[in-house]
2 protein chains.
Amino acid sequence: MELHNFNSGPSILPQQVLDQAAAAIHNFNNTGLSILEIGHRTSHFMEVVQEAQETVKRLMGLGDDYEVLFLQGGATMQFMQVPMNLLDENGLAAICDNGVWGNKAVKEANLFGPVKVVADTSDKKHTYLKKDLELPASTTYLHITTNNTVEGTQWHSYPQVNVPLVGDMSSDIFCRPTPFHEFDLIYAGAQKNMGAAGVTLVVVKKSILGKTNRAIPAILNYQKHIDAGSLMNTPPVFAIYVSLLTLRWIEQEGGLAEMEKRNNEKANLLYNTIDELPAFYCPIAKEDRSIMNAVFFLTDPNREADFLVLCKEKGMIGVKGYRTVGGIRVSMYNALPLSSVKAFCELMKSFAEKN
Amino acid sequence: MELHNFNSGPSILPQQVLDQAAAAIHNFNNTGLSILEIGHRTSHFMEVVQEAQETVKRLMGLGDDYEVLFLQGGATMQFMQVPMNLLDENGLAAICDNGVWGNKAVKEANLFGPVKVVADTSDKKHTYLKKDLELPASTTYLHITTNNTVEGTQWHSYPQVNVPLVGDMSSDIFCRPTPFHEFDLIYAGAQKNMGAAGVTLVVVKKSILGKTNRAIPAILNYQKHIDAGSLMNTPPVFAIYVSLLTLRWIEQEGGLAEMEKRNNEKANLLYNTIDELPAFYCPIAKEDRSIMNAVFFLTDPNREADFLVLCKEKGMIGVKGYRTVGGIRVSMYNALPLSSVKAFCELMKSFAEKN
């Protein structure tokens, strides 16, 4: 049976990336050694880090005022690492709480200084984004979650503000051409559009660092990672290599413009199918719908379980909604082929007709 | 040319582990999906975590008063995470500074409370261990580096103290039967004896937690990781799987007693060869020599470069000493076969004869 991998993360990767990753476990770059057995300070691996950094900058169109780091701990680590590096009692973190991840960012920032939630969309179960933001005068930075993996919303243009903008792009990085230069700090767990779990991309504008007096532990200090060329200590070698393979694949396929074309085609097909079928509905405001994660429901909630059984029978993987939201979630990251979305839409139609 | 991988870490892994890891990238456990593409909350992966936790406990002979966690950031993260969780202004961290890694542990602990270096072996360039320790009455815990990867010393029995004992076992974990129960917290980056880079093993006695009033960020809070079954957020899925494969291999080969037999045989052969050949010398006190990392020098330092060239020609990888120590370092982790040490000793003899 053909499988269709709609996992929300870790999620589908290009077949080429999997083949190259497996080959490198046997013999990395003709060294005769496995990628799992090489020293991280060898030229072989330092070239991997350098190429990955350069590719990120090229895809983002950013210059030398930004640094690219490959860290560990995922977005959950960044929820505390960002305020630890940027915030103190003299400033304020303005945060948009548009769901599960923004809410965690709020909780962690509270440990490091004043926080103001400048958008709280819980009144409508986070089915929309509030874009009209008022920032207190003392705001040090504004933090947004560019794509809400759990709730199915996505910022399609970003807040225009005169304070540093921080973006958690874990679930929509590199999904399309993006004005990355509007951000001062971008982070993303790799395990959706950029590779496998185990590495976190952090892109930071150097000029925003060094403004708090807090003593920051070395491993959590962005500046120290920059000074060490992202090789302060043993990095997650294999995860970084898989990210490089995925970044190369994005460029080879045509870059972010091509990713956008594919992602829009998939998302349009799915949302149109949902909107056309009375058996399904998507509660997300149309202008805020995510092209990465479509969250929707069965009009008759009693039929949800049957639909999920059918999905399983037909090889549709990972389509059960997040535990606190319920319903259906279909994740359509860069590597997901259009054919999988077509197959899923056919299944929806068939289910709707039979019931 | 046959390669002999003496890398200090990331380092050699068993061939069986590499084969199984590569196979899982194509098809993990007959799921039809790659290990890189599966959800971390699926039963498939939760079984991986559970088996890895159980195998660690079995190898360590520890009971339910300990918890096993798979975290990120390596020993460098633990240098700050241990004091953040255990230390406050009312206590004191007693730390043995026996080289590069212990020294970093001192620096990070200083950010969280009083620290006393209870052993400083820099007077003799860290070529020995000081075992006669005096702990201040306010000591909260004693921290030792059980094996000094850079300097080539290893604790062969541990300090008997009446305070919690914390061990950085990054470079000698599972090298032999060990009284793990003498420790209250053990941590180890996986990339030597336990797998690939990207995951850190933390084993903690639950009763030592919860004694400071510090607000600890979720991702750095051991108790919260325990409460979440080591799945608080997306873990480094592949790195944990490689650790499981390596743990299984240790048990299949005969467990820690068999590892000790092999490691002693390799270390005895190498140290005897060094001691017998006047062209080489090992400055480490005999009773403190590491069976994992042998650090030694050429009697005539002018010949070191020639020897390293010869090593490279003969496929001896990773034998250049650490940058601040110089000389030669031969790492002999569990997966290194005796045949590699034999080949290296033959090379030493041949070099000594010709010069």
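A bit of housekeeping. This is a predicted model, where local features need pLDDT of at least 70 and side-chain atom pairs count only at pLDDT 80 or more, while totals for chains, interfaces and linings use all residues. Residues are numbered from 1 along each chain as its sequence is written, and chains are lettered from A and ligands numbered from 1 in the order in which they are written.

Let's begin where the chains meet. How many residues of chain A are in contact with chain B? There are 48 residues of chain A, and they touch 48 residues of chain B. On the chain A side, helix 1 (15-26), helix 3 (74-86) and helix 6 (237-253) are the elements that give two or more residues. When I say helix or strand, I mean DSSP runs numbered from the N terminus: H or I of at least four residues for helices, E of at least two for strands. Helix 1 of chain A gives the largest share of that side, 5 residues. By class, the side of chain A that touches chain B holds 27 nonpolar, 19 polar and 2 charged residues. For these classes, Ala, Val, Leu, Ile, Met, Phe, Trp, Tyr, Cys and Pro count as nonpolar, Asp, Glu, Lys and Arg as charged, and the others, Gly among them, as polar.

Now let's look inside chain A. The domain assignment gives domain 1 (15-253) and domain 2 (255-354); such bounds come from an automatic or database domain assignment. The C-alpha centres of these two domains of chain A are 27 Å apart. Between them, 23 residues of domain 1 of chain A are in contact with 23 residues of domain 2 of chain A. Which elements supply at least two residues each on the domain 1 side? They are strand 6 (147-148), strand 7 (153-154) and helix 6 of chain A. Helix 6 of chain A has the largest share here, with 3 residues. That side of domain 1 of chain A is made up of 8 nonpolar, 9 polar and 6 charged residues.

Helix 6 of chain A has another partner to show you. Helix 2 and helix 6 of chain A pack at an angle of about 40 degrees, with their axes 9 Å apart. Here axes are lines fitted to C-alpha atoms, for helices over the stretch in contact, and angles run from 0 to 180 degrees between N-to-C directions. That angle is why helix 2 and helix 6 of chain A are oblique to each other; under 35 degrees counts as roughly parallel, over 145 as roughly antiparallel, 65 to 115 as roughly perpendicular, and the rest as oblique. Among the residues that meet there are F45(A), V48(A) and V49(A) in helix 2 of chain A, and V237(A), I240(A) and Y241(A) in helix 6 of chain A. The contact of helix 2 with helix 6 of chain A divides into 12 nonpolar, 2 polar and 3 charged residues.

On to a sheet in chain A. It is an open sheet of 3 strands in the order 11-12-14, with antiparallel pairing; two strands pair if DSSP finds at least two bridges between them. Strand 11 (280-281) and strand 14 (328-331) of chain A each have a single partner strand, so they stand at the edges with one side left without a neighbour in the sheet. Strand 12 (293-298) and strand 14 of chain A pair over 4 bridges, and V295(A) has R329(A) in strand 14 of chain A as its bridge partner. Helix 7 (255-276) of chain A packs on this sheet, touching strand 11, strand 12 and strand 14 of chain A. The direction of helix 7 of chain A makes about 15 degrees with that of strand 12 of chain A.

Over in chain B, helix 7 (255-276) and helix 9 (338-354) pack at an angle of about 0 degrees, with their axes 10 Å apart. Helix 7 and helix 9 of chain B are therefore roughly parallel to each other.

Last, some backbone details. The peptide bond joining G9(A) and P10(A) is cis, with omega about -5 degrees, and P10(A) sits in the loop between strand 1 (4-5) and helix 1 of chain A. The bond from G9(B) to P10(B) is cis, with omega near -5 degrees. N29(A), a residue other than glycine, has a positive phi near 50 degrees, and N29(A) lies in the loop between helix 1 and helix 2 (43-60) of chain A.

Notes: Contact = placed C-beta atoms within 7 Å.
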